[in-house]
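Hi there,

Here is the structure I promised to pass on.

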Amino acid sequence: MKNIESFESAAQHLGIDPTKLPDVSMLPEASQKAVVAFYKISIISQASWDGITIDWYNWDQRKYYPWFDMSADKVGSSSGFSYDDCLYDVTPSFVGSRLVYPSSEVAKYVGKNHIELYRDLMVID
């Protein structure tokens with residue numbers, strides 16, 4: 001997990017220039033932050049695979065994703081958006097395949113340490 005401490009370190013691990021972000025200028029302002037957040041989380045996710053290939057056709061390979069709570073009364077969350085748990089599911093998919101992790105430990109780490117990116121992606125202010 002040493003490679004996913006930040007978007008910059010994840011991008012460098014994959015050989016991607018972290019200063020070159022997608023051009024979102026043609027999008028509505030309300031969508032720009034979410035698109036950049038998705039890009040960054042996708043890079044972080046891919047870097048966290050650390051050589052593992054995520055195979056959506058392999059039912060025996062577990063795939064994990066962080067789960068968040070929107071309750072405003074959640075302890076430690078002034079924004080009402082907080083990391084809640086890590087889930088594994090067999091058949092349905094609630095997240096895109098780019099946003100999964102090879103273990104529950106990695107999903108928890110990324111969910112907790114990159115919560116602002118997830119908030120930017122999932123919450124419309």
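**The core and what surrounds it**

The largest nonpolar core has 19 residues, and those with the most contacts inside it are I4, A10, I41, I44, Y101, V110 and Y118. A nonpolar core here is a set of buried Ala, Val, Leu, Ile, Met, Phe, Trp, Tyr and Cys residues joined through side-chain atoms within 4.5 Å. Buried means under 20% relative accessible area, exposed means over 50%, and partly exposed is in between (1.4 Å probe, protein chains only). Two or more residues of this core come from each of α1 (7–13), α2 (29–48), β1 (64–69), α3 and α4 (115–122). Helices (H or I, at least four residues) and strands (E, at least two) are DSSP runs, numbered from the N terminus. The largest share, five residues, is given by α2. In soluble globular proteins, nonpolar side chains tend to be buried together.

A word on the source: this is a predicted model, in which local features need pLDDT of at least 70 and side-chain atom pairs count only at pLDDT 80 or more, while totals for chains, interfaces and linings use all residues. Residues are numbered from 1 along each chain as its sequence is written, and side-chain values use heavy atoms, with hydrogens and water left out.

Now to helix α3 (residues 104–113), where the buried residues are S104, V106, A107, V110 and G111. They sit on the same side of α3, because they cover an arc of only 160 degrees around the axis (taken from the directions from the helix axis to the C-beta atoms). E105 and K112, on the other side of α3, are exposed. V106 has 9% relative accessibility and so counts as buried. Between V106 and I4 there are 9.3 Å in space, C-alpha to C-alpha, although they are 102 residues apart in sequence.

Which side chains meet in a salt bridge? Those of K33 and D120 do, at 3.9 Å, N to O; the cut-off is a side-chain nitrogen of Lys or Arg within 4 Å of a carboxyl oxygen of Asp or Glu. This pair links distant parts of the chain, with K33 in helix α2 and D120 in helix α4, 87 residues apart. The structure holds one salt bridge. Both partners are partly exposed: K33 at 45% relative accessibility and D120 at 23%.

Finally, the rings. Rings of Phe, Tyr and Trp (its six-membered ring) pair if their centres lie within 6.5 Å; planes under 30 degrees apart are stacked, over 60 edge-to-face, and the rest tilted. That gives three aromatic pairs. One of them is tilted: the ring centres of F68 and Y118 are 4.8 Å apart, with planes at 40 degrees.

Best wishes
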